[in-house]
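Open the model in your viewer and keep the selection tool ready. The stops run from the whole chain down to one side chain.

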Amino acid sequence: MSGILSMVSWDIRLQIRSHLYSATVFTTLALCLVAYLLAPLDISPKLLALLLFTDPAVIGLSFIGAFVLMERGGNTLIALATSPLESTQYVAGKLVSFSLLGTVSGGIVAVVASGGSLNIALLLIALLLSNIVAVLIGFAIAARTRSVNAFLAWMTIMLVVSVLPLMPYLSADPDYALLSLSIIPSFSMLTLLEAGFSGSDVGIIEFGVHTVYLLIWAVAGWIWAIREYDAQLRQYVG
(Lines give C-alpha, C1' and ligand atoms only; values in the text may rest on other atoms or scores of the structure.)
Protein backbone atom coordinates (compact mmCIF):
# COMPACT_ATOMS: atom_id res chain seq x y z
CA MET A 1 0.00 0.00 0.00
CA SER A 2 2.86 2.39 0.81
CA GLY A 3 4.28 1.81 -2.67
CA ILE A 4 0.96 2.74 -4.27
CA LEU A 5 0.63 5.87 -2.14
CA SER A 6 4.18 6.86 -3.04
CA MET A 7 3.38 6.43 -6.75
CA VAL A 8 0.18 8.46 -6.41
CA SER A 9 2.09 11.25 -4.68
CA TRP A 10 4.83 11.12 -7.33
CA ASP A 11 2.29 11.17 -10.17
CA ILE A 12 0.42 14.14 -8.74
CA ARG A 13 3.62 16.15 -8.39
CA LEU A 14 4.69 15.26 -11.91
CA GLN A 15 1.22 16.06 -13.26
CA ILE A 16 1.43 19.50 -11.68
CA ARG A 17 4.92 20.13 -13.09
CA SER A 18 3.88 18.99 -16.56
CA HIS A 19 0.83 21.32 -16.49
CA LEU A 20 -1.59 18.42 -16.77
CA TYR A 21 -3.77 20.02 -14.11
CA SER A 22 -3.83 23.24 -16.10
CA ALA A 23 -5.00 21.32 -19.16
CA THR A 24 -7.66 19.57 -17.08
CA VAL A 25 -8.90 22.88 -15.67
CA PHE A 26 -9.14 24.28 -19.20
CA THR A 27 -11.04 21.20 -20.43
CA THR A 28 -13.38 21.29 -17.43
CA LEU A 29 -14.10 25.00 -17.85
CA ALA A 30 -14.80 24.50 -21.56
CA LEU A 31 -17.31 21.73 -20.81
CA CYS A 32 -18.88 23.82 -18.04
CA LEU A 33 -19.31 26.68 -20.51
CA VAL A 34 -21.03 24.36 -22.98
CA ALA A 35 -23.26 23.05 -20.18
CA TYR A 36 -24.11 26.59 -19.07
CA LEU A 37 -25.04 27.62 -22.61
CA LEU A 38 -27.22 24.52 -23.03
CA ALA A 39 -28.98 24.93 -19.68
CA PRO A 40 -31.84 27.15 -21.01
CA LEU A 41 -32.70 24.42 -23.54
CA ASP A 42 -33.59 21.96 -20.76
CA ILE A 43 -31.80 19.09 -22.51
CA SER A 44 -32.53 15.47 -21.63
CA PRO A 45 -30.47 13.29 -19.27
CA LYS A 46 -29.27 11.33 -22.31
CA LEU A 47 -27.66 14.40 -23.84
CA LEU A 48 -26.26 15.46 -20.47
CA ALA A 49 -24.64 12.02 -20.18
CA LEU A 50 -23.17 12.49 -23.63
CA LEU A 51 -21.62 15.78 -22.55
CA LEU A 52 -20.24 14.20 -19.39
CA PHE A 53 -18.81 11.27 -21.35
CA THR A 54 -16.27 13.67 -22.86
CA ASP A 55 -14.33 13.72 -19.59
CA PRO A 56 -13.22 10.06 -19.40
CA ALA A 57 -12.68 10.07 -23.16
CA VAL A 58 -10.24 12.98 -22.87
CA ILE A 59 -8.60 12.44 -19.47
CA GLY A 60 -8.80 8.65 -19.39
CA LEU A 61 -7.71 7.83 -22.91
CA SER A 62 -5.69 10.83 -24.08
CA PHE A 63 -4.08 12.39 -21.01
CA ILE A 64 -2.88 9.11 -19.47
CA GLY A 65 -1.32 8.09 -22.78
CA ALA A 66 0.50 11.39 -23.21
CA PHE A 67 1.72 11.15 -19.60
CA VAL A 68 3.12 7.62 -20.04
CA LEU A 69 4.85 8.58 -23.27
CA MET A 70 6.36 11.62 -21.55
CA GLU A 71 7.76 9.42 -18.78
CA ARG A 72 9.22 7.05 -21.33
CA GLY A 73 10.87 9.95 -23.14
CA GLY A 74 12.41 11.04 -19.84
CA ASN A 75 13.96 7.58 -19.38
CA THR A 76 11.83 6.98 -16.29
CA LEU A 77 11.33 3.33 -17.26
CA ILE A 78 15.06 2.65 -17.08
CA ALA A 79 15.03 3.67 -13.42
CA LEU A 80 11.83 1.75 -12.71
CA ALA A 81 13.20 -1.41 -14.30
CA THR A 82 15.97 -1.56 -11.68
CA SER A 83 13.87 -0.39 -8.73
CA PRO A 84 11.98 -2.62 -6.24
CA LEU A 85 8.68 -1.03 -7.31
CA GLU A 86 6.26 -3.67 -8.52
CA SER A 87 4.41 -3.27 -11.81
CA THR A 88 1.06 -3.46 -9.98
CA GLN A 89 2.08 -0.51 -7.79
CA TYR A 90 3.14 1.57 -10.78
CA VAL A 91 -0.08 0.92 -12.71
CA ALA A 92 -2.20 1.39 -9.57
CA GLY A 93 -0.59 4.78 -8.95
CA LYS A 94 -1.53 5.93 -12.43
CA LEU A 95 -5.01 4.45 -12.10
CA VAL A 96 -5.76 6.19 -8.80
CA SER A 97 -4.39 9.63 -9.71
CA PHE A 98 -5.99 9.84 -13.17
CA SER A 99 -9.31 8.25 -12.18
CA LEU A 100 -9.74 10.67 -9.28
CA LEU A 101 -8.80 13.58 -11.52
CA GLY A 102 -11.39 12.56 -14.10
CA THR A 103 -14.04 11.94 -11.46
CA VAL A 104 -13.59 15.36 -9.86
CA SER A 105 -13.57 17.08 -13.26
CA GLY A 106 -16.68 15.19 -14.38
CA GLY A 107 -18.45 15.92 -11.12
CA ILE A 108 -17.94 19.65 -11.57
CA VAL A 109 -19.31 19.49 -15.11
CA ALA A 110 -22.29 17.43 -13.92
CA VAL A 111 -23.22 19.97 -11.23
CA VAL A 112 -23.11 22.82 -13.75
CA ALA A 113 -24.99 20.86 -16.41
CA SER A 114 -27.78 19.71 -14.09
CA GLY A 115 -28.08 22.77 -11.89
CA GLY A 116 -27.36 20.53 -8.90
CA SER A 117 -30.26 18.16 -9.53
CA LEU A 118 -28.32 14.89 -9.30
CA ASN A 119 -28.30 11.44 -7.81
CA ILE A 120 -24.86 11.87 -6.23
CA ALA A 121 -24.24 8.20 -5.36
CA LEU A 122 -25.12 6.90 -8.82
CA LEU A 123 -23.18 9.69 -10.51
CA LEU A 124 -20.00 9.01 -8.51
CA ILE A 125 -20.19 5.28 -9.30
CA ALA A 126 -20.69 6.07 -12.99
CA LEU A 127 -17.86 8.58 -13.15
CA LEU A 128 -15.40 6.43 -11.22
CA LEU A 129 -16.07 3.26 -13.21
CA SER A 130 -15.99 5.10 -16.53
CA ASN A 131 -12.68 6.74 -15.69
CA ILE A 132 -11.13 3.51 -14.39
CA VAL A 133 -11.91 1.63 -17.60
CA ALA A 134 -10.77 4.52 -19.81
CA VAL A 135 -7.52 5.02 -17.86
CA LEU A 136 -6.59 1.33 -17.99
CA ILE A 137 -7.25 1.12 -21.72
CA GLY A 138 -5.35 4.35 -22.37
CA PHE A 139 -2.42 3.13 -20.25
CA ALA A 140 -2.27 -0.23 -22.01
CA ILE A 141 -2.26 1.38 -25.44
CA ALA A 142 0.46 3.86 -24.47
CA ALA A 143 2.59 1.06 -22.99
CA ARG A 144 2.12 -1.02 -26.12
CA THR A 145 3.03 1.65 -28.67
CA ARG A 146 6.60 2.63 -29.42
CA SER A 147 6.14 6.10 -30.90
CA VAL A 148 3.91 9.15 -30.66
CA ASN A 149 2.58 8.53 -34.19
CA ALA A 150 1.61 4.96 -33.31
CA PHE A 151 -0.11 6.16 -30.15
CA LEU A 152 -2.07 8.81 -32.06
CA ALA A 153 -3.14 6.20 -34.61
CA TRP A 154 -4.38 3.92 -31.82
CA MET A 155 -6.15 6.83 -30.13
CA THR A 156 -7.94 7.72 -33.34
CA ILE A 157 -9.16 4.15 -33.69
CA MET A 158 -10.24 3.96 -30.04
CA LEU A 159 -12.11 7.27 -30.17
CA VAL A 160 -13.96 6.19 -33.32
CA VAL A 161 -14.90 2.87 -31.72
CA SER A 162 -15.97 4.58 -28.48
CA VAL A 163 -18.53 6.78 -30.26
CA LEU A 164 -20.16 3.93 -32.22
CA PRO A 165 -22.53 3.08 -29.32
CA LEU A 166 -24.04 6.55 -29.68
CA MET A 167 -26.22 5.12 -32.44
CA PRO A 168 -28.08 2.57 -30.28
CA TYR A 169 -27.87 4.85 -27.24
CA LEU A 170 -29.61 7.79 -28.91
CA SER A 171 -31.93 5.76 -31.12
CA ALA A 172 -35.52 5.48 -29.92
CA ASP A 173 -35.94 2.01 -31.47
CA PRO A 174 -32.55 0.53 -32.44
CA ASP A 175 -32.43 -2.58 -34.63
CA TYR A 176 -30.34 -5.66 -33.91
CA ALA A 177 -27.35 -4.35 -35.86
CA LEU A 178 -27.24 -1.20 -33.76
CA LEU A 179 -27.85 -3.09 -30.52
CA SER A 180 -24.77 -5.20 -31.20
CA LEU A 181 -22.69 -2.04 -30.72
CA SER A 182 -23.79 -1.90 -27.10
CA ILE A 183 -21.11 -4.47 -26.20
CA ILE A 184 -18.60 -1.61 -26.50
CA PRO A 185 -18.07 -0.35 -22.92
CA SER A 186 -18.82 3.27 -23.77
CA PHE A 187 -22.50 2.27 -24.08
CA SER A 188 -22.51 1.18 -20.43
CA MET A 189 -20.62 4.34 -19.47
CA LEU A 190 -23.26 6.50 -21.10
CA THR A 191 -26.10 4.55 -19.48
CA LEU A 192 -24.57 4.85 -16.01
CA LEU A 193 -23.80 8.54 -16.46
CA GLU A 194 -27.38 9.14 -17.54
CA ALA A 195 -28.61 7.47 -14.35
CA GLY A 196 -26.80 10.11 -12.32
CA PHE A 197 -29.10 12.85 -13.58
CA SER A 198 -32.57 13.44 -12.17
CA GLY A 199 -35.32 12.53 -14.59
CA SER A 200 -33.43 9.58 -16.01
CA ASP A 201 -35.36 6.49 -17.08
CA VAL A 202 -32.52 4.12 -16.14
CA GLY A 203 -33.83 1.57 -13.62
CA ILE A 204 -31.85 0.07 -10.75
CA ILE A 205 -31.61 -3.36 -12.43
CA GLU A 206 -30.32 -1.82 -15.64
CA PHE A 207 -27.86 0.22 -13.61
CA GLY A 208 -26.65 -2.91 -11.84
CA VAL A 209 -26.16 -4.85 -15.08
CA HIS A 210 -24.08 -2.08 -16.65
CA THR A 211 -22.09 -1.65 -13.42
CA VAL A 212 -21.13 -5.33 -13.43
CA TYR A 213 -20.27 -5.12 -17.13
CA LEU A 214 -17.89 -2.20 -16.55
CA LEU A 215 -16.34 -4.01 -13.59
CA ILE A 216 -15.56 -6.92 -15.93
CA TRP A 217 -13.95 -4.49 -18.37
CA ALA A 218 -11.99 -2.95 -15.50
CA VAL A 219 -10.55 -6.35 -14.52
CA ALA A 220 -9.70 -7.11 -18.16
CA GLY A 221 -8.16 -3.66 -18.58
CA TRP A 222 -6.07 -4.13 -15.42
CA ILE A 223 -4.68 -7.46 -16.68
CA TRP A 224 -3.95 -5.93 -20.10
CA ALA A 225 -2.24 -2.88 -18.60
CA ILE A 226 -0.01 -5.01 -16.32
CA ARG A 227 1.00 -7.30 -19.17
CA GLU A 228 1.88 -4.42 -21.49
CA TYR A 229 3.87 -2.66 -18.76
CA ASP A 230 5.79 -5.84 -17.86
CA ALA A 231 6.56 -6.43 -21.54
CA GLN A 232 7.89 -2.90 -21.79
CA LEU A 233 10.11 -3.29 -18.71
CA ARG A 234 11.65 -6.50 -20.10
CA GLN A 235 13.23 -4.39 -22.82
CA TYR A 236 15.33 -2.66 -20.17
CA VAL A 237 16.26 -5.66 -18.01
CA GLY A 238 16.52 -8.32 -20.68
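The tour below starts with the overall fold and ends at a serine in helix α7.

This is a predicted model, in which local features need pLDDT of at least 70 and side-chain atom pairs count only at pLDDT 80 or more, while totals for chains, interfaces and linings use all residues. Residues are numbered from 1 along each chain as its sequence is written, and side-chain values use heavy atoms, with hydrogens and water left out.

**Whole protein.** Colour by secondary structure: there are 12 helices and zero strands (DSSP runs numbered from the N terminus; helices are H or I with at least four residues, strands E with at least two). Next, show the surface. Its accessible area is about 11500 Å², and carbon and sulfur atoms account for 72% of that (Shrake-Rupley method, 1.4 Å probe). Of the 238 residues, 49% are buried (under 20% relative accessible area, 1.4 Å probe, protein chains only).

**Core.** Select Leu52, Val91, Phe98, Phe139 and Leu193. These touch the most other members of the largest nonpolar core, which has 58 residues (buried Ala, Val, Leu, Ile, Met, Phe, Trp, Tyr and Cys joined through side-chain atoms within 4.5 Å). Then select residues 120–144, helix α7, which gives the most to this core: 14 residues.

**Ser130.** Stay on helix α7 and pick Ser130. Why does Ser130 count as buried? Its relative accessibility is 0%. Finally, display Ala126: its backbone oxygen is 2.7 Å from a polar side-chain atom of Ser130.

Definitions and conventions. Buried < 20%, exposed > 50% of the residue type's maximum accessible area, 1.4 Å probe, protein only. Polar contact = N/O pair within 3.5 Å; in protein donor to acceptor, adjacent residues only side chain to side chain.
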